[in-house]
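Please look at the sequence and the structure below before going on.

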Amino acid sequence: MTDRPSTLRRDARTVGHWTRVLLAQPRLLLAVKTALAAGLAYWIAPQIPGTAADYPYYAPLGAVIAMYPTLRASLRQGIQVLLGVVVGIALATAVFALQEGPPGVLAVAALVGVGVVLAGIRWLGAGRDWVLTAGLFVLLLGGSDTESYGIGYIVQLGVGVVVGVVVNFVIVPPLNTSRADTRLRRVRQALADRADEIAGVFETPWPLEDDDWEDRVGELPATLHSVRSSVQYADESRRMNPRWLLRRRDLGREYAELAAFERVSFHLQDIAEVSGVLGRRIGRQIGMPDSLAPAVAHTLHGVAEVIRRHDSDADVFVEARRRIADLWEAIDAHRDRPTTDTSGGVSIAVSLGRIVAALDPDDGTAPRPAEPDVSTAGGDTDAEEARTGSEDAEEARTGSEDADGDEAPDVDDTADVDDTADGDAADVDDTADGDAAARAAGDDDAPRDTVRRDAD
């Protein structure tokens, strides 16, 4: 005969196992909670006193509307939808009162026309899409009793929204900070790999024939946009979340690291463009002696190590700065040549110095982008992701992973990150070019300054 303590331990292990399964599958967890909330709302709906009990089918709809992966999004979307429905019901009631008999073509046209205008009110948020829906339902289905129908509609929808928010609060509210950390590690590795690939350009006989490395560098903005969405989503998931009380911390470090990676990506793209032009020997506006290529490759590999290990090994900064100083010495060895002959090397050296400065927490010269307002920047994105199953939907949106374990780009997202990169670039003026190079070299002798000024 099995003793009771053993049975309890076995049951506890079973519950723990299925809890871990749910937490590991956001879509499955969302489906379970949504089904439970809809069923519970439909059970409560007939118990509501008054005419609202005649319209119980709107309660599960409200529960579905309010079920988003994050608590903040659930409450926000639920309130906005209720406001949109109220506006739609009020519009339908007004239109019905202005005409006689059943609604005709003109009544429907008037409701839709005015409804489209009202749906443009920005503070309605997600409720904007429900202005016309609620208005048409009340006008066409409410019949002569539009008042009772409208009251039943809004009351039962509100019951469903409340049930959805409560269920989301009580049953394992998601906390997605660990996913943000994982994606940041992956994008760091991708940035380092791209730096090594660019270094390979200067270790390969020219002219170049392989374009794949440039395509992979070009994917970085879309990848970083996806990672920023993940960090914002993780930040929102901790708002109003009781589980956050057990692991209280903000995502300031993640935002700072993401800002640094966006700057690194911008400078890597600039280096890649210069490297592609040099490797194909096209255009006379920039150039670089063949003897300088090994020094550039050596420095790029050193900067790649900074990207990989900047938060765990301070010595990589010393080594990278030494290599950048050596690169400037190699450039100065050609100061007797026209500046156009060495301008490519100067441009790459300056960009490498900026990358190191962006990753060094003790370097105050690199401006840091301000932390975004998550409630506006990430809220709509996160809510939309929730409709397709939270994090799994985000993976589908960002595409498949490339050979280095990074996601393929989403073309629609690229412009957003490019705008951020352009904004970062505007923060650095011509004087900063010389300062960054001088810091990297650690030597302010006159010939080197001449090369830098001429190149700029």
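R322 and E319 are 3 residues apart in helix α13 (residues 315-332), so about one helical turn separates them. Helices here are DSSP runs of H or I with at least four residues, numbered from the N terminus. An α-helix has 3.6 residues a turn, so residues three or four places apart point the same way. The side chains of R322 and E319 meet in a salt bridge, with 2.5 Å from N to O. A salt bridge is counted when a side-chain nitrogen of Lys or Arg is within 4 Å of a carboxyl oxygen of Asp or Glu. R322 is partly exposed at 40% relative accessible area, and E319 is partly exposed at 28%. Buried stands for under 20% relative accessible area, exposed for over 50%, and partly exposed for values in between, with a 1.4 Å probe and protein chains only.

The model is predicted: local features need pLDDT of at least 70, side-chain atom pairs count only at pLDDT 80 or more, and totals for chains, interfaces and linings use all residues. Residues are numbered from 1 along each chain as its sequence is written, and side-chain values use heavy atoms, with hydrogens and water left out.

**Salt bridges**

How many salt bridges does a search of the whole structure find? The search finds 20.

| Pair | N to O distance |
|---|---|
| R322 and E319 | 2.5 Å |
| E214 and R280 | 2.8 Å |
| E262 and R228 | 2.8 Å |

E214 and R280 meet through their side chains. E214 lies in helix α9 and R280 in helix α11, so this pair ties together parts that are 66 residues apart in sequence. E214 is partly exposed at 25% relative accessibility, and R280 is partly exposed at 23%.

The salt bridge between E262 and R228 links distant parts of the chain, 34 residues apart, with E262 in helix α11 and R228 in helix α10 (residues 220-237). Are these two residues buried or exposed? E262 is buried, with a relative accessible area of 4%, and R228 is buried as well, at 15%.

Helix α11 (residues 252-280) has 29 residues and reaches 42 Å from its first C-alpha to its last, close to the expected 42 Å. The expected span is 1.5 Å times one less than the number of residues. Of the 29 residues of α11, 21 are buried, so the helix is largely enclosed by the rest of the structure. Just after α11, R281 has a positive phi of about 55°.

Helix α7 (residues 146-170) has 25 residues, and its end C-alpha atoms are 36 Å apart, in agreement with the 36 Å that it should span. V172 follows α7 and has a positive phi, near 40°.

**Surface patches**

Patches are built from residues with over 30% relative accessible area and no salt bridge; like charges are joined within 9 Å, and nonpolar side chains (Val, Leu, Ile, Met, Phe, Trp, Tyr) within 5 Å. E209, D210, D212 and D215 gather in a surface patch of negative charge. D215 belongs to helix α9 (residues 212-218) and is partly exposed at 47% relative accessibility.

L75, I79, L83 and W123 make a nonpolar surface patch of about 390 Å². I79 is in helix α4 (residues 71-97), and with 44% relative accessibility it counts as partly exposed.

How values were computed
Accessible areas come from the Shrake-Rupley method with a 1.4 Å probe; for residues, only the protein chains shown count as cover. Lys and Arg count as positive and Asp and Glu as negative; His and the chain ends are not counted. The place of a charge is taken as NZ of Lys, CZ of Arg, CG of Asp or CD of Glu. Helices (H or I, at least four residues) and strands (E, at least two) are DSSP runs, numbered from the N terminus.
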